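Open the model in your viewer and keep the selection panel handy. We will go from one stop to the next, and each stop tells you what to pick and what you will find there.

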Amino acid sequence: MAAYIGAIDLGTTSNRFIIFDHDGRITAMDQMEHEQIFPKPGWVEHDPMEIWQNTGKVIRGALSKAGLTGDDLAAVGITNQRETAVVWDRRTGKPFYNAIVWQCTRTADICKTLARDGGQDRFRAKTGLPIATYFAGPKVRWILDNVAEARAAADKGDALFGTIETWVIWWLTGGPKGGAHVTDVSNASRTLLMDLATLSWDAQILETVGISPSMLPRIVPSIDSDTWGHTLKDGPFRATIPVCGALGDQQAALVGQTCFSVGEAKNTYGTGCFLLLNTGNTPVPSRQGLLTTVGYQIRGERPVYCLEGSVAIAGALVQWLRDNLGLIDEAPQVEDLARTVDDNGGAYIVPAFSGLFAPYWRTDARGALVGLTRYVNKGHIARAVLEANAYQTLDIVEAMNADSGVDLTRLKVDGGMVMNELLMQFQADILDVPVIRPEITETTALGAAYAAGLAVGFWSNMAELRQYWAVDKTWEADMAAERRSDLVAGWKKAVTRTFDWVD
């Protein structure tokens with residue numbers, strides 16, 4: 001068998017291709033950012049063709065850096081920004097509209113209409129999700145309602161829908177010439193259209209939302225020994241490689257962190273922030289505003305479910321500080337700027353740029369910078385930016401503790417922001433639990449690699465994968481309880497100031 005596994009990481013701001021060896025170590029990586037398109041306030045789009053073209057470029061780039069060819073890869077796994085929706089022509093591969101990104105709020109009116117009969121939790125018993133702009137189903141409906149060409153193609157059976165992994169798998173395996181139109185269970189569970197118990201599209205919900213079943217991909221296991229298709233000799237790999245593993249990015253991080261046992265949790269600090277708790281083979285309904293979602297499924301086995309807390313704006317807040325305010329030139333500089341002060345100076349930032357996700361689910365909320373005095377300077381604002389990520393995670397952990405009935409005792413972390421040691425220490429302080437960073441922090445791509453490798457026997461089982469996980473650093477809480485209580489009270493007050501901004 002070939003000595004390496006490839007992982008395509010289709011993120012919100014960039015595409016990466018990472019090559020892993022058998023010990024889960026990175027051999028080579030290439031990365032390209034793609035354009036963030038903001039046509040109107042609250043609207044976020046990507047160009048699907050740019051994403052596909054960049055995918056080919058990073059594949060070729062990483063292979064070149066490693067001195068390898070596609071034939072050196074045993075399989076390819078894929079992970080992706082999840083709820084982002086693409087609708088395209090099955091005959092040509094041409095998108096009918098830009099991809100509507102998970103952060104986009106344009107479907108608020110559609111969601112309000114869907115919630116009139118049964119409320120925001122109308123579909124929660126089946127899907128584990130509230131009706132919200134976050135999820136892919138309403139985005140598809142918006143495209144059908146607003147793009148005449150898409151509606152006409154859907155009526156004729158020529159329109160296909162997919163989240164980003166579906167879009168790229170389709171192209172990798174042939175595109176208009178017979179490409180596989182599939183989505184794994186973890187991504188399907190983020191559409192608001194899949195029944196968590198049956199792992200199938202729900203006909204009643206499809207009819208209610210107004211989406212034809214002919215548009216939808218086939219739902220497949222995340223780790224699938226029945227290969228969905230192979231890459232093409234004339235494609236970016238220049239080789240025939242099985243495509244057999246896919247996971248939404250947060251579920252991929254769960255697998256990459258080897259959270260295979262009930263009660264294990266991880267938090268990923270990326271564009272958004274996502275905390276997942278493994279709840280085993282039975283979906284656990286949330287009473288605290290969390291999401292019930294599929295973690296992963298191995299072919300022939302029962303799925304593993306999770307409770308998830310989703311935060312819309314995490315690392316994106318640092319990008320906003322850089323790109324919109326110009327207070328830093330590069331994202332890592334936020335830590336140096338924040339260290340110029342000892343605390344937040346009484347200032348809090350609540351980044352409700354596209355509403356608040358879990359546990360509030362307030363589409364009417366908008367971002368707020370509160371507690372300002374003449375004393376506050378740019379260092380305090382930088383610190384408030386970092387602290388917002390920790391406070392939002394606290395909101396999720398409190399809800400998760402209440403839902404699960406078991407208090408979190410430690411938190412595994414990953415994602416780009418975990419290299420920010422000021423943030424990690426503050427996170428431990430505000431949660432009052434140890435925060436643990438693994439040696440390999442690229443856990444999202446690693447999870448996709450694990451999925452593909454398990455499917456083809458590159459790794460024998462999940463128990464084998466645990467031996468590759470190792471601690472890099474642990475932060476212990478070092479904050480007085482009274483200080484913690486005061487800071488959290490300020491955050492809770494700041495959150496309420498964001499409510500009811502949008503009528």
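Start by selecting helix 12, residues 378-404. Of its 27 residues, 23 are buried, so helix 12 is largely enclosed by the rest of the structure. Here buried means under 20% relative accessible area, exposed means over 50%, and partly exposed is what falls in between, with a 1.4 Å probe and protein chains only. Helices (H or I, at least four residues) and strands (E, at least two) are DSSP runs, numbered from the N terminus.

A word on what you are looking at: this is a predicted model, in which local features need pLDDT of at least 70 and side-chain atom pairs count only at pLDDT 80 or more, while totals for chains, interfaces and linings use all residues. Residues are numbered from 1 along each chain as its sequence is written, and side-chain values use heavy atoms, with hydrogens and water left out.

Stay on helix 12 and follow its axis. From first C-alpha to last, helix 12 reaches 39 Å, close to the 39 Å expected at 1.5 Å a residue; the expected span is 1.5 Å times one less than the number of residues. Now centre on Glu387, where helix 12 has a kink of about 25 degrees. The bend at a residue is the angle between axes fitted to the seven residues ending there and the seven starting there.

Next, pick His380, which is also found in helix 12. Is His380 buried or exposed? With 2% relative accessibility, His380 counts as buried.

For a contrast, select Asp117, in the loop between helix 2 (108-115) and helix 3 (124-127). Asp117 is exposed, its relative accessible area being 54%. The C-alpha of Trp201, 84 residues away along the chain, lies 21 Å from that of Asp117.

**Enclosed spaces**

Rolling a probe the size of a water molecule over the atoms shows where empty space is left. On a 1 Å grid over the protein atoms alone, a cavity is a set of points where a 1.4 Å probe fits but cannot get out, and a pocket is an open set with protein on both sides within 12 Å along at least five of seven lines; lining residues have an atom within 4 Å of a point. Grid points are joined across faces, edges and corners, and a volume is the space filled by probe spheres set on the points.

How many cavities of 30 Å³ or more does a search of the whole structure find? The search finds 4. The largest cavity has a volume of about 90 Å³. To find it, select Val311, Leu356, Phe357, Ala358 and Gln392, the closest to its centre of the 16 lining residues. Strand 18 (304-311), helix 12 and helix 16 (481-496) each give two or more residues to this lining. By class, the lining has 12 nonpolar, 3 polar and 1 charged residues; Ala, Val, Leu, Ile, Met, Phe, Trp, Tyr, Cys and Pro count as nonpolar, Asp, Glu, Lys and Arg as charged, and the others, Gly among them, as polar.

Move on to the second largest cavity, of about 60 Å³. Its lining includes Gly256, Pro438, Tyr450 and Trp469, and helix 14 supplies the largest share, 3 residues.

Now show the surface and select Tyr269, Gly270, Thr271, Gly416 and Met417, the closest to the centre of the largest pocket among its 41 lining residues. About 1100 Å³ of space lies in this pocket. The lining has 12 nonpolar, 19 polar and 10 charged residues, and its largest share, 5 residues, comes from helix 10.

Phe38, Ile313, Ala316, Asn324 and Phe353 are the closest to its centre of 23 lining residues.

**Last stop: the cysteines**

How many disulfides, pairs of cysteine sulfur atoms within 2.5 Å, turn up in a search of the whole structure? The count is 0. Select Cys104: the nearest cysteine sulfur, that of Cys111, is 11 Å away. Cys104 is buried, at 1% relative accessibility. Finish at Cys259, whose nearest cysteine sulfur, that of Cys306, is 8.5 Å away; Cys259 is buried too, with a relative accessible area of 0%.

Methods
Disulfide = S-S within 2.5 Å.
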